[in-house]
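Here's a chain to look through together. Keep the viewer open and follow along, section by section.

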Amino acid sequence: MAHETGQPPAATNRAGRTTRLFALIMLAAGALMLVAGAVTWGMVSSKLAEENITVAEDAKWFAGEKVDGPLTAYSQADIIDHHARKLSGGKTYAELGREDPVRATMMNASFLRASLFTSVLSFGVSAMAMGLGLLTALIGWALLSLAKALAATAAHAPPAAR
């Protein structure tokens, strides 16, 4: 005998158990991603702060602030590029001649900018992991609600139909 769902109660109960298991996996995965993203964000932030970098006073944004987040790191990378290009007459490291005395300074500026951009990228990946973790956990929560509804439907089936 079919129930309101159009499925036999045993199939409804089995679907509810499978949905519940998948929901719990999604909740656990979401929580893990959220925690991993937050820990990574905190670690990158604290390691960046330990470097005691201050955004240059002539920076467009966050002048004089401690570099400990993605926006301050980006701002410092931007001002390093500005200063280096001013020194090199607008040329990049690759555009300078091998014997140009400014080349070593441009190389250092390039390395510093790459390090700061790596931290900006790390913050972005951390934020993405946290966002996806939250979304995954919400999907798990929704599936858990669905599993409870399926279990309640199977529990209310007439005894002969079970």
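Look for Gly-89, which comes after H2 and has a positive phi, near 75°. Keep in mind that what you're looking at is a predicted model.

Now step back into H2 itself, which covers residues 70-87. How far apart are the end C-alpha atoms of H2? They're 26 Å apart, and since 18 residues at 1.5 Å a residue should span 26 Å, the helix agrees with what you'd expect. Quite a list of H2 residues is buried, including Thr-72, Ala-73, Ser-75 and Gln-76. Ala-77, Ile-79, Ile-80, Asp-81 and Ala-84 are on that list of buried H2 residues too.

## The whole chain

Zoom out and you'll find three helices and zero strands in the protein chain. Reading from the N terminus, the order of elements is simply α-α-α. H1 takes in residues 9-50, while H3 takes in residues 103-155.

The chain has 162 residues, and 31% of them count as buried. Its accessible surface comes to about 10,100 Å², with 65% of that belonging to carbon and sulfur atoms. If you take the contacts between residues at least 6 apart in sequence, 56% of them join residues at least 24 apart.

## The nonpolar core

How many residues does the largest nonpolar core have? It has 17, and the ones with the most contacts inside it are Leu-48, Val-67, Ala-73, Met-106 and Leu-116. H1, H2 and H3 are the elements that give two or more residues to this core. H2 supplies the largest share, five residues.

Leaving out residues up to four places away in sequence, Ala-73 touches Leu-48, Val-67, Leu-116, Ser-119 and Val-120. Remember that Ala-73 is also one of the buried residues of H2.

## Rings that pair up

Time for some aromatic side chains. A pair of rings is described by how far apart the centres are and by the angle between the planes. Searching the whole structure turns up three aromatic pairs. One of them is Trp-61 with Tyr-74, a tilted pair at 6.1 Å centre to centre with 35° between the planes. Trp-61 is in the loop between H1 and H2, Tyr-74 is in helix H2, and the two are 13 residues apart, so to speak of this pair is to speak of a link between distant parts of the chain.Are Trp-61 and Tyr-74 buried or partly exposed? Trp-61 counts as partly exposed because its relative accessibility is 39%, and Tyr-74 counts as partly exposed at 39% as well.

Tyr-74 has another partner, Phe-117. Their ring centres are 5.7 Å apart and their planes sit at 50°, so this pair is tilted. This link, too, joins distant parts of the chain: Tyr-74 in helix H2 and Phe-117 in helix H3 are 43 residues apart. Phe-117 is partly exposed, with a relative accessible area of 31%. Put together, ring pairs link Trp-61, Tyr-74 and Phe-117 into a cluster.

## A charge over a ring

Next, find Tyr-93 and Arg-103. The charged end of Arg-103 sits over the ring of Tyr-93, 4.2 Å from the centre of that ring.

Start with Thr-19, which has its place in helix H1. Why does Thr-19 count as buried? Its relative accessibility is 15%, and buried means under 20%. Not counting residues up to four places away in sequence, Thr-19 touches Leu-143, Leu-146, Ala-147 and Leu-150.

Further along helix H1 you'll come to Ala-38. At 38% relative accessibility, Ala-38 counts as partly exposed. The C-alpha atoms of Ala-38 and Ala-127 are separated by 7.8 Å, although the two residues are 89 residues apart along the chain.

Finish with Ser-122, which lies in helix H3. Ser-122 is partly exposed, with a relative accessibility of 24%.

Note on methods: Residues numbered from 1 in each chain as written. Predicted model: local features only at pLDDT ≥ 70, side-chain atom pairs only at ≥ 80, totals over all residues. Heavy atoms only, no water. Helix = DSSP H or I, 4+ residues; strand = E, 2+ residues; numbered from the N terminus. Buried < 20%, exposed > 50% of the residue type's maximum accessible area, 1.4 Å probe, protein only. Contact = heavy atoms within 4.5 Å. Core = buried A, V, L, I, M, F, W, Y, C linked by side-chain atoms within 4.5 Å. Areas by Shrake-Rupley, 256 points an atom, 1.4 Å probe, with all protein chains shown as cover. Expected span 1.5 Å × (residues − 1). Phe/Tyr/Trp six-rings, centres within 6.5 Å; stacked < 30°, edge-to-face > 60°. Lys NZ or Arg CZ within 6 Å of the ring centre and 35° of its normal.
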